[in-house]
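Please look over the structure below.

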Amino acid sequence: MTLPTQQTPIILLKEGSTQTKGNDAQRNNIQAAKLVSELVRTSLGPRGMDKMLVDTLGDVTITNDGATILKEIDVQHPAAKMMVEISKSTDNEVGDGTTSTVVLAGALLEKAEELVTKNVHPTVVVDGFKKASEKAIEVLRQVATLIDPRDKKYLKKIATTTLASKLVSTNSSELADVVVDSVLAVAEKLGDKYKVDIDNIKVEKKSGGSIRDTKLIQGIVLDKEVVHGAMPKRIENAKIALLNAPLEIEKTEFDAKININSPDQMQLFIDEENKMIKKMTDKITQSGANVVLCQKGIDDMAQHYLQKAGILAVRRIKESDMTKLAKATGARIVSNVTELTANDLGAANLVEERFVETDRWVFVEDCKNPKAVSILVRGGSQRIVDEAERSVHDALMAVKDAVVYPKIVVGGGAPEAHVAHKIREWANTLEGRSQLAAQKFADGIETIPLVLAENTGMDPLDTQVDLRSKSASGKATYGIDVITAKVGDLSTRDIYEPLAVKEQVINAATETACMILRIDDVIAASKSREMPKPGGYGGPGGDMSGMDM
């Protein structure tokens, strides 16, 4: 007798897990990535619109910065999360071009989808895209202009171009001066190149006044007030001591008890403590310091002695601010007050406590050749100040990119239009299906000027035709002139961007598009359910009905 053979189902995944395969998985991922791209598409360029984002607590953010928009919205889809990641990494790396990166990645996926539906294998598309991106960067490097890293004229043009697409565009000229001066102040020459640490530029923001009141301070702004009301509030020709030690009597680390039997003994104990504090403050006075900036606490009695000596003191300053103060004033941070000497002191022409809106802040300014500076950003309301701070950050990063890697290209979609034209010519020399992928890459990169044109109110089709005919002339300066809403020569408009930003945008967008294209299977684990209660799932007295047998 033969038993009927039964196929036993093999269960690999946990109950509730889902699996999407093949074309469905690719279509889903591409669709999700395109949706993210569509979200920021309308905020590209000087005529781009802003987005209002409200979080779960009701806090409002108004911005057109791609990285900020995507950071604030809580994206769930895994492919969409990859788009958020590229905007974040672009923001950290070059500071600008976050919206362009996401728009380009979305455009490349859209063009790739057209090929995949015609049965071109994703690997062939990926291969073609990678070759085309290398060619694109090669073309950009050929048309880039080499500049002097300390040439304020070009650096200001870069800062103004970055700020032109922001909420603060009407004040871009004044802000650009502040940004360029601050970057050049902290730039350090290493051989024949420059190094810029953006952390040495402290950006403080406070609502009140207008964006025009934003200014560069050749020193550091501290959001702290002077510790004692009777201390001087303004000191000129300041000699500054930076302390990393508390001006207090430190408690013993182990338990210690003192038996005091009379008020006299108590008084002796207090007097001894006061003597120790007096010794510390005398050491500061002897060093010649007239300003004390302390990272730790300052005892009431120490405040009294410092005030009698006419010294201005600030306490509980952040460690990052102490480092910046040392770079700005030339002081050495001292961890032991007894070792403080005149050689450890820094200098500033003015240390003053001022009202900023309703708070008292201490300004350490007019430092000689400071290697750390501050920008105080002002604006009519908190929302405006927040966006102005983001805009200043982008401009600082763009100018830093140009100082570190001193090559620039014309902005306004001109380099992208030129690259698209050159890649189409080069694609004709390729064989096989990778030629199709390279042509689609050219169409994808051409999306940047076309989106700029759309956001300006121009007709995309007319613009595309006009742009292609102008690009065929071989000049890499024809792009979207958003002021006249026409295709024009943007080198006459002084619109320039760092080559570093363009390279990052192309590399990041291509890599992400290729990664998403290579996925053909999505396996999603089920959400973890609540743990079964004791006794459940067949435990003592439990119910077995919920189990797969």
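Student: Which residue in β16 is the bridge partner of Lys215?
Tutor: The model is predicted: local features need pLDDT of at least 70, side-chain atom pairs count only at pLDDT 80 or more, and totals for chains, interfaces and linings use all residues. Residues are numbered from 1 along each chain as its sequence is written, and side-chain values use heavy atoms, without hydrogens and water. Strands are DSSP runs (E, at least two residues), numbered from the N terminus, as are helices (H or I, at least four). Three bridges join β8 (residues 215–217) to β16 in an antiparallel run, and in β16 the partner of Lys215 is Leu376.

Student: How many residues of strand β16 are buried?
Tutor: Buried means under 20% relative accessible area, exposed over 50%, and partly exposed in between (1.4 Å probe, protein chains only). Val373, Ile375, Val377 and Gly379 point one way from β16, Ser374, Leu376 and Arg378 point the other way, and all are buried. For β16 (residues 373–379), the count is seven of seven.

Student: Which residue of β16 is the bridge partner of Ile201?
Tutor: Two strands pair if DSSP finds at least two bridges between them. Strand β7 (residues 201–207) is joined to β16 by seven bridges, and the two run parallel. The partner of Ile201 in β16 is Val373.

Student: Is Phe269 buried, partly exposed or exposed, and why?
Tutor: Phe269 sits in helix α8 (residues 263–287). Because its relative accessibility is 35%, Phe269 counts as partly exposed.
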